[in-house]
Amino acid sequence: MTATLQSLIGGRWIGKEAHAPLHSALNGQMIYHTHAEQIDFDEAVTYARKTGVPGLMKLDFQLRAQRLKALAVYLMDRKEELYRISHLTGATRPDSWVDVEGGIGTLFAYASMGSRELPSSNVLHEGPAMALGKRGGFAGTHILVPRGGLAVHINAFNFPIWGLLEKFAPSFLAAMPCIGKPATATSYLTEALVRMIHESGILPDGALQLVIGSTGDLLDRLGGYDAVTFTGSADTAAKLRANKNLIAQSVPFTAEADSLNCAILAPDVAPDDAEFDLFVKEVAREMTTKAGQKCTAVRRIIVPRQHVDAVAERLRARLAKVVVGDPSVEGVRMGALASMDQVRDVTERVAMLARGNEVLFGACDDFKPVGEGVHAGAFFCPTLLLCRNPMENDAVHDVEAFGPVSTMMTYDGIDEALELAARGKGSLVSTLVTKEPAIAAYAVPVAAASHGRVHILDAESSVDSTGHGSPLPQLKHGGPGRAGGGEELGGIRAVRHFLQRAAVQGSPTMLAAVTGEYVRGAKVQESEVHPFRKYFEDLKMGDSLLTHRRTVSEADIVAFGGVSGDFFYMHFDEIAAKDSQFGKRIAHGYFVLSAAAGLFVSPAPGPVLANYGLDNLRFVAPVAIGDTIRARLTCKRKVDRNRTDERGVGQGVVAWDVQVTNQNGELVASYDILTLVQKRS
């Protein structure tokens, strides 16, 4: 008996009756069934809205980031079970590493970014605030807040774990409950992941639901506060995007579609250069990793006409060494496609690409995958084609074989190479291999217009490069045109995609109350207790200190120059300074910074533990000999990271607004100082 997969809907697992069979990609054996029971999508949507949203909103950005980290740790401890199941998809251990640990690593990355960059509230201030009136009483800014809806994530078959987690992480931080719908062919691996997550108890109820099988009328039940993301074919993306309800309700729809990504060998690279071998290695790796089943795989290999034979020879030699078969067999470097349906689809598309082109490497009589029972598996031989007239052959720019297949094409001159790259009609990623910075400076802005990411590869970057086909949590993933026109990942940008942006207008005091950040011009609280003497819990946004004054002398400038070694003429050469725009000697900007610290720092041991940085530093006006300065220090923002140090002492982060003014009340320096502040408890 094969297992029947279940959907997680409304907090319970649904599915007992077997329906569609799912087969091992390695030997064709039946391993699972989808379930026959119909899903009540009204229940799923209602549960997300009534249970998921309130549960997530009880947490703030910082607490949700902590839950993500806890979940990542939990899953990493259980990764081997996921590897075992991933084997059935035809993936090698390195293939599964990208999916399993790449997905868990994305959770870690978003947990870290969230703890560093998001507030301990559910309002993200997208400042700075700006004055909207002459008298300072009216200002405006932007805030980002949770939408109050749910996110539907529809994923492709090639990355059953990473595909869900890279979408789930930012939507979870944004307080949007998620309904995940994996591609059916490999949904058994996603189901195993979601079972782990559900059993952990780490997420609030309703934060994650799972659909096995069809989405039914799910999209018809969504509203304007919800969001849909999709990864898969461009054709399916177009059909989903045209859903009447999504259009009528203005539901945000983000697509990341398969595309005809390219790798360009620049004309400056010769066969005896290190970059030449790097190019060949990168292309071969992208053709065979995950058996070519990656939306970022290299489908078009663009090479100078004079080097086409050399590239072809080295690529054939590399591909000939790739052992295809059951990944459990030692020495196997490429596994199977996800299903026999994929084999049939790739076979048809290779036939289309081969018309009028040359097959340089591909299936032949002696292609025999290694391993027991693999004759019934979904294996496909790495296939390399050559198109000598790519400017006239449309198929190589339109037809994608979603497997270990790539077409080499020739060009004359870098402009023609870039034109060929753009004929993919929008791609997720392109790679440029060059030795010359001038070529990169010329080509990358052109390529960037039609590619979501441009990967520049040379000998220097190769020591650390994560490669053409690896989307990173910190960088945008997505591309224009055929690639779907959407954006995923890209750091906290992805979280912002799931939040609602609103402009807010009012007095600085009201804006400060709304944003949870001090806005200049807002009312402040001054007391006899120095702000640096207050514990984290006792500090309030707007707590402020106006310091005593200090008159800057020539001795100050001379002493600071001696200590710092900065003898710039504006500080020491009276004659040259008179001819400058200021007409006189002025103090070092960093002296003003140091002098301000001397004015506002409370020197005794206390709750302020450390200063670890400055943000937004600007020297606004010069400070001359004889000018008198003072500083205003104001608690701008508090972020409770809910952490303790090695001694078990709790601490939070406080950002202080610092304004340094002269005797005329003019602003001369402006910045934020960041400190760690001890908690009372």
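**Entry 1**

The model I am reading is a predicted one. Strand S15 and strand S16 (residues 383-387) run antiparallel and are joined by three bridges. I then traced the sheet that holds them: seven strands form an open sheet in the order S15-S16-S17-S14-S13-S18-S19, with mixed pairing. Strand S15 (358-361) and strand S19 (451-457) are the edge strands, each pairing on one side only. On average, neighbouring strands of this sheet are turned by 25° against each other, direction ignored.

I turned to strand S17 (residues 405-411), where valine 405 is found. Is valine 405 buried or exposed? Its relative accessible area is 2%, so I noted valine 405 as buried. I also looked up its separation from phenylalanine 600, which lies 195 residues away along the chain: the two C-alpha atoms are 65 Å apart.

Next I looked up aspartate 412. Aspartate 412 forms a salt bridge with arginine 305, and the closest N and O atoms are 3.1 Å apart. This pair links distant parts of the chain, 107 residues apart: aspartate 412 is in the loop between S17 and helix H13 (414-422), while arginine 305 is in the loop between strand S14 (298-304) and helix H10 (308-320). Aspartate 412 has 44% relative accessibility and therefore counts as partly exposed. Arginine 305, at 36% relative accessibility, also counts as partly exposed.

**Entry 1: further salt bridges**

I recorded 33 salt bridges in the structure. Side chains of opposite charge can pair when their charged atoms come close.

Which residue forms a salt bridge with arginine 637? I found glutamate 517, with the closest N and O atoms 3.2 Å apart. The pair again links distant parts of the chain: arginine 637 is in strand S27 (residues 628-644), glutamate 517 is in the loop between helix H17 (508-515) and strand S23 (525-526), and 120 residues separate them. At 12% relative accessibility, glutamate 517 counts as buried.

I looked up a further arginine of strand S27. Arginine 632 forms a salt bridge with glutamate 526, and the closest N and O atoms are 3.7 Å apart. Arginine 632 in strand S27 and glutamate 526 in strand S23 are 106 residues apart, and the pair links distant parts of the chain. With a relative accessible area of 18%, arginine 632 is buried, since the limit for buried is under 20%.

I also noted a network of salt bridges that links Asp42, Asp217 and Arg221.

**Entry 2: strand S29 and its partners**

I moved on to strand S29 (residues 667-678). Nine of its 12 residues are buried, so S29 is largely enclosed by the rest of the structure. Strand S28 (residues 650-661) runs antiparallel to S29, and 11 bridges join them. Within this pairing I looked up glycine 652, whose bridge partner in S29 is valine 677. S28 and S29 form a hairpin with five residues between them, and glycine 665 in the turn has a positive phi of about 80°.

Strand S26 (residues 608-619) is also antiparallel to S29, and eight bridges join the two. Which residue in S29 does leucine 614 stand opposite? I found isoleucine 673.

**Entry 3: helix H6**

I looked up helix H6 (residues 187-200), which has 14 residues. From its first C-alpha to its last, H6 reaches 20 Å, close to the 20 Å expected at 1.5 Å a residue. Why do I call H6 largely enclosed by the rest of the structure? The reason is that 11 of its 14 residues are buried. Among the buried residues of H6 are Tyr188, Leu189, Leu193, Val194 and Ile197. Glycine 201 follows H6 and has a positive phi, near 70°.

**Entry 4: a nonpolar surface patch**

I found a nonpolar surface patch of about 260 Å², made by Met130, Leu132 and Phe138. Phenylalanine 138 lies in the loop between strand S6 (124-131) and strand S7 (139-146). Its relative accessibility is 38%, so phenylalanine 138 counts as partly exposed.

**Entry 5: the chain overall**

I closed with the whole chain. The secondary structure comes to 21 helices and 29 strands. Of the 681 residues in the chain, 55% are buried. The C-alpha atoms fill a box of roughly 90 × 60 × 50 Å, taken along the principal axes.

Key. Residues numbered from 1 in each chain as written. Heavy atoms only, no water. Helix = DSSP H or I, 4+ residues; strand = E, 2+ residues; numbered from the N terminus. Expected span 1.5 Å × (residues − 1). Buried < 20%, exposed > 50% of the residue type's maximum accessible area, 1.4 Å probe, protein only. Patch = residues over 30% accessible without salt bridge, like charges linked within 9 Å, V, L, I, M, F, W, Y side chains within 5 Å. Areas by Shrake-Rupley, 256 points an atom, 1.4 Å probe, with all protein chains shown as cover. Salt bridge = Lys/Arg side-chain N within 4 Å of Asp/Glu carboxyl O. Pairing = 2+ DSSP bridges. Axes fitted to C-alpha atoms, helices over the stretch in contact; angles between N-to-C directions.
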